[in-house]
Every structure is written in C-alpha cells, then in structure tokens.
Amino acid sequence: MILLQSPSKYLFQILSNRLKNLEKGVELDCQWVEFDDVRYHVQSSMKNPQLLLLSLSLPTPPPETLFVGGLPPGAIEAVKVAYGVVVKIIDPPRDGYNLTLRMNLSKLPPDEVICINTWSCSCSSLDAYCVSFGAENNKALMIKIASVREVVLGAPLRVVLKHLAARTLAPDVEKLVALVHRPKESFFLVPRAEKVTIIFPMRFKDSIDTVLATSFLQEFVEARRVAALNTAPSCLWSASPPLELKDAPAESLSVNAGFITFVILPRHVEGKKLDRTVWSLSTFHAYVNYHVKCSEGFMHTRMRRRVESLIQALDRAKPESLKTKRSGHSRSFKRLSLKDGRG
C-alpha cells in the first residue's frame, strides 16, 4: 500500500526555491488544487520577496459539520502553535478562501555552523564534523508549512485524540462529532475517554469505482486479522449504518460503498503516533480512492496486453494457404476494377 504524504510537494518546492533566492526580486503567483478539493494560492511581490501570502480554500462543509469563521474548530490555535512568529494570520482572508497566511521568511533563523570536532576544524566547508543546524530547522519548518492542510483540517480531530492519549474527554464535545474531509461530505467521531470510534460513509461517483472500493474495503478488514497487525486499530465494514450513527442526518448516510469503522485506542496516539494517525484518518477516503484508481489502471493495462497477445496468437494460427488465397483475391479484384474503369 502507498501512503499519501502530508506535505504538499508543490508548496514545499515553492517555499524552498524562494528561501534559496531571497535576494532575487521575482514576482510569484501560483494556484493549484490538490486531492479532496483543497485549493492553494501563493503570492509574492518583487519589492518584498521575503513576504509570501498563502491562501487556502477548504472543501465545502455539509450542514452537519461545524465551522467557526469558515474554519474547523481549533484551526486558528493550531496554526499559531505550529508556525509561531514566522506566520501571521490575515483577517479577513482573501475573497474565495477560508484562510490567508502571511509568511515572513526573513524571520527564519540563520544558518549556524557548529563544530562537533573539539580537536581542530577549519570550518572552510562543512565536513563530517560540522553541522548546519539553521538549515535543518528551516527545512523542518518548510515541511510543516507545506503540511498546512493537515494542520487546519486535522485540528478538531487532533484535539479529540490528544484527550484520548490522556484518557480524558474533551470539553464541549458532543456525543457524535461530524468533521469535513471532502466537498459536502463528512466522517463521524464518537469520542470516549477510553476509545474514539471513527466512521467513514464511503461514496463514489463511478459505478466501477464503487465495486472496486467495496472489494478493497472488505479486503482491508480481512488484512487486519493478520497476526502482524494485531496492534493496529480494529476495523469493521458494513453495508448498513452502524448503531453509532442513529442520530446522524439521513442525507449523510446515503452511501454506495458501505461504512468503514475504526476504533482508536490511547496506544495509537501516543507520542509521534498522533501526527501519523491524524493524517491517515483525515485522508482515508483519498487513500482508498487513490488505490481504486491504481487498481483500475492496472486492470486496463492487463486487459490491453491480453488482447494484444490473443491477436498475435490468432495471426500465427492462420494457415498459409488462407493468407495466400486472400491476397490473390485482392489482386484479381483490383484488376477487374481497372478493366471496368478502362472500358
């Protein structure tokens, strides 16, 4: 299985190139859309190349999902904690976007070369005994900024899972929480102090994708029973809504690929596992959709190769006399047509 990466590769490339060429006054204006309809817009002027404006447009939330000021609950606090003084939130955001950030790359710490060889070091160039701590910290921050989608959309899920790690229940949290993850679609959380149940209603537009996704999810559940995956979260697929969704709106339960349920325990969100768990759950539908499309493309390729091999086998099986006879008929037909044309 291929896991989706949290940082946006294109955004990370833009930030890295701009950081390497801060002295060059180059105007920047880039827009692109990534999976699940998350839209980005990066701008920078020639006068202030160290200042970048990053705008983010999130998927349209369904009615059952709570948005505060156009953002998921806790998103503003998550951005401030993640980026510190380097990033400032612009209020109100640019038209058509949910969030606009102003990044001041001049506030990044300078590169500091520290010698770890106490005997001698010329420091004329970095060698095995010298480390540039500033560059590594800046790269880590650029990766964090490129993961702004995870920081913003995963903020409410992170709050619930943090309380799960402490075996407590987050305050002001309802019995059933709906979180947006695709345009006008949501997944549901049932928070408890000892566990968090997460349920994904799975929908696909194409009928072939629906069949492949249903088979993929059923195999996904079967793979959980392997001995090597005993510590993974328990997983269950069902064609009908689980009992935990009895209070959910009827519109959100109309699916064509069933429901997939995960039970997250405190051991799944301890330490560094929290970030990975938040990202995996926030992008689960995109993860399934990616593998469905890969399976569909693989099957199409296999079918084309199979058809080509059958055609070649049929061509080799033709008798030589039949090939000669057909070629003779075609020549006589041409002669007759020529005679008719002359006459």
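**View 1. Buried residues of helix α2.** In this predicted model, helix α2 spans residues 75–83, and its residues A75, A78, V79 and Y83 are buried. When α2 is seen down its axis, the buried residues fall within an arc of 100 degrees, so they line one face of the helix. An α-helix has 3.6 residues a turn, so residues three or four places apart point the same way.

**View 2. The opposite face and the end of helix α2.** Residues E77, K80 and V81 are exposed and lie on the face of α2 turned away from its buried side. Just after α2 comes G84, for which phi is positive, at about 65 degrees.

View 3. Strand β3 comprises residues 51–57. Of its seven residues, five are buried, so the strand is largely enclosed by the rest of the structure.

**View 4. Pairing of strands β2 and β3.** Strand β2, formed by residues 38–44, pairs with β3 in the antiparallel sense, and the pairing extends over five bridges. Within this pair, Y40 has L56 of β3 as its bridge partner.

**View 5. Pairing of strands β3 and β5.** Strand β3 is also joined to strand β5, which covers residues 99–104. These two strands run antiparallel and are linked by six bridges. Here L54 stands opposite L101, a residue of β5. In a regular strand the side chains alternate between the two faces of the sheet.

Key:
Residues are numbered from 1 along each chain as its sequence is written. This is a predicted model: local features need pLDDT of at least 70, side-chain atom pairs count only at pLDDT 80 or more; totals for chains, interfaces and linings use all residues. Side-chain values use heavy atoms; hydrogens and water are left out. Buried means under 20% relative accessible area, exposed over 50%, partly exposed in between (1.4 Å probe, protein chains only). Helices (H or I, at least four residues) and strands (E, at least two) are DSSP runs, numbered from the N terminus. The arc is that of the directions from the helix axis to the C-beta atoms. Two strands pair if DSSP finds at least two bridges between them.
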